[in-house]
Each structure stands twice: as C-alpha cells, then as structure tokens.
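Notebook open, structure loaded. I want to look up a sheet first, then the pockets.

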Amino acid sequence: MKIKEIKSINFDIDVKIKAPPSKSYTHRALFVSALAEGRSKIIDPLISDDTNYTITCLKQLGIKIKKESIRGRIIFNIEGGRNNLKEPSTSLYIGNSGTTLRFLMAISSLVKGVVTIDGNEEVKKRPVKGLEDSLNKLGIAIDSNKGCPPVRISSNGTIGGETVIESRESSQYLSALLMASPYAYPYMKIKVSGQVPSSPYVEMTLDVMEKFGVRVQRKDFSEFYTSPGKYAGQEYIVEGDFSNSSYFMAIAAISGGRVVIENLNKNSKQADKVFVEILEKMGCEVSWINNSLTLKGRELRGIEIDMNKSPDIVPTLAVVAAFAEGPTKIYNIETLRFKETDRLSAVANELSKIGCKVEEGSDNIIIIPGKLSGAKIETYKDHRMAMSFAVAGLFIEGLKIIDPDCVSKSYPNFWEDFSKICGGIN
C-alpha cells in the first residue's frame, strides 16, 4: 500500500490559491443538462473520479458529452433531452460514487427498459433503500442487494404520482427525485418523512434546476410538488468548492498564518460555506473582497456545534479542533456513518492515534486536545480522511498518510496544490 509522509512546517502560511471547482454543482449540472432540451455548456467543471463515472454512465444512456479546452478553461458540451435516453447495452459502473449512484437511479427510471447500476466493493455497502422505496411508490420496479448496490431498475419510461421519502441516510435521495421530477406524469409530489440531513445540498439541487428553467413548489423541507415541464439547455459556470477549500482554510487557522482563496462565491448555497463562519467562531479573522476570501489564523478555541447540514467538513473541523484550546463537541452527525466509510468512527480512531482524547457517541464526537505525535493514518479509501489528516501532518512530526491517492475521487490535484502551498510532502 502506498504511503505519503507529510513534512511538518515551522513557518506561518501566507499564500493565495484558486478554489477547485465544486463537485456537487458539477454533478447536478451534468444530470440536469443531460435531461435538458438542446445544447448545454458546463464551464469550469470538476474533473475527478466521481464526475468521470457520471459522464461515462450518461453517455451509455445516450447523452452526447464532448470535452474541450478553450484558453485554459475546460468545457463540457452536452446534447441532452429526455427523448435521447436509451437502455444501455451493459451495466453502468460507478466506482465508489454515491452521488452518481443515487442520481442515476432516478434518471434511469425515465429510461424505457432495464438499467443495472453496479460499482466497487465500497459502494456496495452504501444504502439506497430510502430511494428504492420511493421509486417503487412512483411505479418503478427495483431490485437491489438488501437496499444496497447492485441495483436493477425496470421501467416503461414513465414515472409519476405521489411518494414519501425517508432521507435519514442521505439528502441525495431527495435531490435525485427532484431532478427527475419535471418529467413525471401527471405530476410528482414528494412528502418527506423526518429531518433532511445536509439540507443545503437540496437547495443546491433546486438552484441548478431553476437555472435550467424548472421551479419546484415546496413547503419548506416537508413537501415538494413538480408539474410536468422541461429543462432548457444553458451555459452554466461551476463555482469554486468550499469543501475542498476547507483544507487550506484549516492550514491557515492552525498555523496562525493567512490564506487568500479566490473563486469562492460569497453568496453560495453550498453547505460547506459555513466552515468560514465556524473558523471565525473559533477565533480566526475573515474578510471578503468580491469572491475572494481572506482568512487569518489566530489562537483557536474549542466549540460545540450542530453539523447536521454540513457533515462533509466534519473531518476538517475535527483536525482543527485537535489544535484548539479546550474541547470541541460536534453533534447531530449520524449521517457520517453512511459515507465512503463510517466516517464518524474513522475520525475518532485516527484522532486517538495522534494523541487526542476522543469520545464517540452514536451521532456525535467530543475531541479533547492532547499532546500530539505522528502516526500512520488509515484513510479507509475515504478522500476526506486523507486530505484532512494531511493538514494535521504539517504541524506534527512523523505523520504518514496510507493510500493517499484516494483523493482522486474529488480532488485529483490535491497533493500538487498542497505541496505548492506548504512544501509539506516527503
């Protein structure tokens, strides 16, 4: 197994970087433009393992996608349309992309015929039961392996009516249904059972749908209603990613230095924009000039915080908490147990290895900083574990990351950007 040793630094960071493109917005733009009538251009998309799986699968479903580069900008040209969807000749392979899996399940329900979705061993542990049950109620026949992939979807190409969704495990269930909903007949009405975790991601879905010409009626997060309609092809520019920028914010916060991150939308609907406010509460100084964020590290203090809406940045926050004064409690994060790995336990295990005292509850974690020391960090094939603990390695001697290449799932250039900024790799 490949191992990367992180070289600790002894200087204050003072750097400027450009945020990588948003994975969540790239995925949504790909799926919506695949259904849109006419041509779409997705400008500055994220190219990563997960988005590549999505593109390959959409092509198998009959969507034409062509990549080009113009003056350094990547553009996906997409000729979509619901009528272009066709039954694929082979199974759709999604690697370990949970987003691709759930979004494909809903879009494949619009295909007349049978669509089988499969992936690697990790994705076969990821739940889809809530989405499966909801699609059943809308007239779609689905076979799965006890609520996990592989998934076999049989449809006559029509979907519609009223359904209930239990989205405790993932907000992607609801987002998937919403993206397919304009093509339902005579309508699609979705009633939501319980609290929606990561609810800002649903707002992002609705945001993309509206930009492509479809508005959904709703009662907060309890009920959604969509009349028949069509997306219209658009030019769509993907904004910078707050989740993948969080690692560089964390470096500045811990080092006491400064980072300027360009290409971040100050008014973004991204869930992980809240990380800026969290670091401010922990003691950092924050300022914005247009879409350029400046964050200066100061003495950090522990906090108590509900992260139900933004679970993806919990590993980054947990690492920052290890360097703060006083304990940090992060709660309402049960959904972390359904990510690429049981991310709640993974974070607790690895923080303990480097010297923190950690109390792990069923849906929370308490981090009590201690005397930190190097360790071999297991990443559990989880990109966010690798990137978060790489940050810790800049401030602890002898920290090594096992399976560092797992970052290609969402941020293939992470180690290159990390090294340019910190020089921190052996």
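Sheet first. I find four strands in an open sheet, ordered S10-S11-S13-S12, with mixed pairing. This is a predicted model, so I keep that in mind throughout.

I asked which strands stand at the edges. They are S10 (161–166) and S12 (217–219); each has a single partner strand, so one side of each has no neighbour in the sheet. From one strand to the next, I get an average twist of 15 degrees.

Next I looked at how S10 meets S11. S11 covers residues 188–193, and the two strands run parallel, joined by six bridges. For one of the pairs, I noted that Glu166 has Ser193 in S11 as its bridge partner.

I looked up the largest pocket and got about 590 Å³ of space. Its lining takes in 22 residues, and Lys18, Ala19, Pro20, Pro21 and Asn413 are the ones nearest the centre. Strand S2 (14–18), strand S5 (73–79) and helix H12 (414–422) each give two or more residues to that lining. H12 gives the most, with three.

What classes of residue make up the lining of the largest pocket? I count 14 nonpolar, three polar and five charged.

Last, the second largest pocket. I get about 220 Å³ of space there. I see 13 lining residues, with Asp49, Asn96, Asn120, Lys381 and Lys409 nearest the centre. By class, this lining splits into seven charged, four polar and two nonpolar residues.

How values were computed: Residues numbered from 1 in each chain as written. Predicted model: local features only at pLDDT ≥ 70, side-chain atom pairs only at ≥ 80, totals over all residues. Heavy atoms only, no water. 1 Å grid on protein atoms, 1.4 Å probe; cavity = no way out; pocket = protein on both sides within 12 Å on 5 of 7 lines; lining within 4 Å. Points joined across faces, edges and corners; volume = space filled by probe spheres on them. Nonpolar A, V, L, I, M, F, W, Y, C, P; charged D, E, K, R; others polar. Pairing = 2+ DSSP bridges. Axes fitted to C-alpha atoms, helices over the stretch in contact; angles between N-to-C directions.
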